[in-house]
Amino acid sequence: MYKILSIDGGGIRGIIPARILERLDIYHPGVVKEFDLYAGSSTGAVLAAGYAFGFDPRFLRQMYQGFGREVFADSLWDDLRDLKYIFGADYSIENLKSLLDRVIGETTLGELEKKLLIATFDLKDETRDPPRWKPKFFHNYPDSRGDSEERLVDVIIRSAAAPLYFPIYQGYVDGGVSAINPSMCALAQAFHEGFLDIRLLSLGTGNNPRWLDEKDGDWGLYQWGLNLVNMVMDGGGEVADYQCRQILKNQYFRLQADMPESIGLDAWRSTDELIEIADGIDLKPINSWLEAYF
């Protein structure tokens with residue numbers, strides 16, 4: 001049996017899966033350490049890497065709750081200079097990098113005992129002629145690409161560099177551009193490595209209530225704006241859920257919370273509300289699934 005934990009992107013809303021795993025660890029002590037492969041995108045990359053590194057669920061929940069304000073620190077001068085995020089990213093990446101440097105240090109992917117897969121988006125793949133942009137999945141399985149030598153902190157930040165929110169980092173941007181829900185990517189990697197008896201637990205970061213009332217709107221770029229970005233990212237997460245569900249059937253479990261109101265990925269002031277959402281989730285179905293299939 002090969003066990004996979006996959007965690008979606010979603011910024012500060014990563015505190016939802018962090019808290020869910022903390023609660024699960026109470027019912028099933030040590031369950032988070034039982035997984036063979038941890039997969040994450042954006043904020044999910046932070047969590048997946050943290051669990052693969054060996055941090056316990058309580059520590060990572062506390063990290064999100066305690067350092068959200070630091071990671072998403074902003075100033076009036078920065079907003080005026082960039083006109084919010086029209087002419088520049090809303091936040092500096094340095095605060096997140098400083099935090100990860102403190103807790104992870106110089107560890108490389110190859111030094112992890114557990115397997116890890118992190119989704120990013122490469123803005124210029126120079127192995128192609130001519131170059132082009134493409135999704136990139138960093139992992140520490142043996143292969144010829146040399147990912148194992150990559151510094152873990154750098155890989156995490158490449159996955160978390162959300163356009164508009166953070167600057168481009170080392171030529172990469174947020175993994176959510178290619179796989180906001182990396183479940184199917186993790187499943188494909190496991191199949192590639194020869195594992196067939198697979199259990200996959202996929203955790204979302206909350207469904208924001210979004211919709212459009214337009215029935216026949218003649219819209220252009222101005223009207224679509226961020227709506228198009230949100231549609232592509234939300235839709236991509238649902239596609240991965242559908243694919244995994246059809247392939248794995250009962251060997252797959254997806255837990256996603258429906259949020260009563262929209263909460264942005266930088267809404268660090270809403271951490272207590274996000275904890276309440278996570279605490280309000282009924283864990284009986286997932287506990288039953290763990291008992292039946294783990």
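Predicted model: local features only at pLDDT ≥ 70, side-chain atom pairs only at ≥ 80, totals over all residues.

Me: OK, charges first. How many salt bridges does the structure hold?

Reply: There are 16 of them. One is between Glu34 and Lys3, at 3.2 Å from N to O.

Me: Where do Glu34 and Lys3 sit?

Reply: Glu34 is in the loop between helix 1 (15-27) and strand 2, while Lys3 belongs to strand 1 (residues 2-7), so the bridge ties together parts that lie 31 residues apart in sequence.

Me: And is Lys3 buried or exposed?

Reply: Lys3 counts as buried because its relative accessibility is 12%, and the cut-off for buried is under 20%.

Me: Which residue does Arg102 pair with?

Reply: Glu70; their closest N and O atoms are 3.4 Å apart. That pair links distant parts of the chain, with Arg102 in helix 5 (residues 94-103) and Glu70 in helix 3 (residues 57-71), 32 residues apart.

Me: How accessible are those two, Arg102 and Glu70?

Reply: Arg102 is partly exposed with a relative accessible area of 48%. Glu70 also counts as partly exposed, at 26%.

Me: Which residues are linked in a network of salt bridges?

Reply: Lys97, Asp101, Glu106, Arg151 and Asp154 are linked that way.

Me: What about Asp122, is it buried or exposed?

Reply: Asp122, which lies in strand 3, is buried and has no salt bridge. The nearest side chain of opposite charge is Lys134, 4.9 Å away.

Me: Why doesn't Lys134 count as a salt bridge partner at 4.9 Å?

Reply: Because a salt bridge needs the side-chain nitrogen within 4 Å of a carboxyl oxygen, and Lys134 is 4.9 Å away.

Me: What lies 3.0 Å from a polar atom of the Asp122 side chain?

Reply: The backbone nitrogen of Lys124.

Me: And which residues is Asp122 in contact with, leaving aside neighbours within four places in sequence?

Reply: Trp133, Lys134, Lys136, Gly171 and Tyr172.

Me: Switching to the backbone. Which residues does the cis peptide bond join?

Reply: Asp129 and Pro130, with omega about 0°. Pro130 lies in the loop between strand 3 (115-125) and strand 4 (132-139).

Me: What is phi of Ser42 like?

Reply: Phi of Ser42 is near 60°, a positive value in a residue other than glycine. Ser42 is in the loop between strand 2 (37-41) and helix 2 (43-53), and it is buried at 7% relative accessible area.

Me: And Lys249, what is its phi?

Reply: Lys249 has a positive phi of about 55°, and it isn't a glycine either. Lys249 sits in the loop between helix 9 and strand 7 (252-255).

Me: Is Lys249 buried or exposed?

Reply: Exposed, with a relative accessible area of 56%.

Me: Last topic, the surface. Which residues form a nonpolar patch there?

Reply: Leu212, Leu228, Met231 and Val232, with about 340 Å² of accessible area together.

Me: Where is Leu212?

Reply: Leu212 is in the loop between strand 6 (198-203) and helix 9 (221-248). Leu212 is partly exposed, at 38% relative accessible area.

Me: I also spotted Tyr222. Where does Tyr222 lie, and is it buried or exposed?

Reply: Tyr222 lies in helix 9, and it's exposed, with a relative accessible area of 78%.

Me: How many Å separate the C-alpha atoms of Tyr222 and Arg23?

Reply: They are separated by 43 Å, and the two residues are 199 residues apart along the chain.

How values were computed. Residues numbered from 1 in each chain as written. Heavy atoms only, no water. Patch = residues over 30% accessible without salt bridge, like charges linked within 9 Å, V, L, I, M, F, W, Y side chains within 5 Å. Areas by Shrake-Rupley, 256 points an atom, 1.4 Å probe, with all protein chains shown as cover. Helix = DSSP H or I, 4+ residues; strand = E, 2+ residues; numbered from the N terminus. Buried < 20%, exposed > 50% of the residue type's maximum accessible area, 1.4 Å probe, protein only. Lys, Arg positive; Asp, Glu negative; His and termini not counted. Polar contact = N/O pair within 3.5 Å; in protein donor to acceptor, adjacent residues only side chain to side chain. Contact = heavy atoms within 4.5 Å.
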